[in-house]
Amino acid sequence: MSDFKNPIIALPYDSFMAKVSVDDQESYIKHLEHGGVLFLPNLTFKIAPSEERFLSPKWSDGRAKNIYLRGNERKIRGAKGSEADLQAMSELIERYALNAKQLISNLLFDYADHAKPANTSLRCIEAAGRITSWRKDDSRLHADAFPSRPTHGERILRVFTNVNPYGKPRVWKVGEPFADMARKFLSEVPHYSKMQAKLLHMLGITKSVRGEYDHAMLHLHDLVKADLDYQQHAPQMRSEFPANSTWIVYSDQVLHAVLAGQHMMEQTLHVAPEYLHYPEASPKKTLETLLN
Ligand code: SIN
Ligand code: FE
């Protein structure tokens, strides 16, 4: 794999309630908003002995990729089991959501009131060798963009914790800076059509009318995943996140791919563009600059 400046910085904290100086917090926000990864190798999420049984793919309903609590709704999805099992699973996932929220408040205080918690997931299916379409294949480098959920420029911030009980790492590839990727593919993004976007919304394919930004992000996601030469030869590095470690990324900006790993928890948060400290570094501004 070709090499480039390592975008990952390791932080020593071992608590979701870590005390962090204001200067350090600002430097972490700066790092994240410029496409960096905050890696907390000592930050473990504790699974109670009675919850260990949930670290198994057998609880999946066989349809969804993950077991998750959706945004504000918080009803468990993607799982099967008795009422009591589902309740206990929900409590585990909810506790992770609370810890992730505390981590954001302590590490990135300025985001605390603005980072809106969205889905929280428990991912117990082995990532290596999953059979799926190329578009959904997360073992290919991509920046996150979802067909049915336009963000309208809201950022996708994610907290991940590897809860693998057998000491297996989650193995990722991290790609080149967003702007370098966008420069290669932006001219291939088809023209945006408001009429088509309205139609997609009317048909219930999108949850709101897809704007120009989401249109571009979605096409970039697909163009990058479909380009096997890019997948093989673009600058990238292999990154292992060991069992019992945590990491944070803007996944709409950091090019990432998952090669292997099982048992992970994840919290998604949305940050509105007005709360970014470095809006000029955001994917939206990057695309606008490249188009002008
Ligand atoms: C993703 O591509 O967003 C998923 C990463 C993972 O499952 O580790
Ligand atoms: Fe992704």
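**Iron site, cores and cavities in a predicted model**

Good morning. I begin with His263, which is found in the loop between β10 and β11; helices (H or I, at least four residues) and strands (E, at least two) are DSSP runs, numbered from the N terminus. This is a predicted model, in which local features need pLDDT of at least 70 and side-chain atom pairs count only at pLDDT 80 or more, while totals for chains, interfaces and linings use all residues. Residues are numbered from 1 along each chain as its sequence is written, chains are lettered from A and ligands numbered from 1 in the order in which they are written, and side-chain values use heavy atoms, with hydrogens and water left out.

His263 has a relative accessibility of 2% and therefore counts as buried. On this scale, buried means under 20% relative accessible area, exposed over 50%, and partly exposed in between, with a 1.4 Å probe and protein chains only. Leaving aside neighbours within four places in sequence, His263 is in contact with Leu55, Ser56, Arg123, Cys124, Thr161, Asn162, Val163, Asn164, Pro165, Tyr166 and Arg170; contact means heavy atoms within 4.5 Å. The backbone of His263 also deserves a remark: its phi is positive, at about 75°, although the residue is not a glycine.

His152 likewise has a positive phi, of about 55°, and is not a glycine. This residue has its place in the loop between β5 and β6, and at 43% relative accessibility His152 counts as partly exposed.

I turn to the metal. Which residues coordinate the iron ion (ligand 2)? The donors are His142 through NE2, Asp144 through OD and His256 through NE2, at 2.0 to 2.2 Å. Donors here are N, O and S atoms within 2.8 Å of the metal (3.2 Å for Na, K and Ca); water is not among the atoms, so sites may look incomplete. Along the sequence, the donor residues of the iron ion follow the spacing H-x1-D-x111-H.

Next, helix α5, where His221 is found. At 8% relative accessibility, His221 counts as buried. Beyond its neighbours within four places in sequence, His221 is in contact with Arg135, His142, Ala143 and Ala145. From C-alpha to C-alpha, Glu212 and His201 are 14 Å apart in space, and in sequence they are eleven residues apart.

The structure holds three cavities of 30 Å³ or more. On a 1 Å grid over the protein atoms alone, a cavity is a set of points where a 1.4 Å probe fits but cannot get out; a pocket is an open set with protein on both sides within 12 Å along at least five of seven lines; lining residues have an atom within 4 Å of a point. Grid points are joined across faces, edges and corners, and a volume is the space filled by probe spheres set on the points.

The largest cavity contains about 80 Å³ of space.

Of its 20 lining residues, Pro7, His34, Gly35, Gly36 and Pro177 are the closest to its centre. Strand β7 (170–175) and helix α3 (178–185) are the elements that give two or more residues to the lining.

Finally, the packing. Of the 43 residues in the largest nonpolar core, Leu107, Leu108, Tyr111, Leu157, Ile248 and Met265 touch the most other members. A nonpolar core is a set of buried Ala, Val, Leu, Ile, Met, Phe, Trp, Tyr and Cys residues joined through side-chain atoms within 4.5 Å. Helix α2 gives the most to this core, with nine residues. Apart from this core lies another, of 20 residues, among them Phe178, Met181, Leu186 and Ala216.
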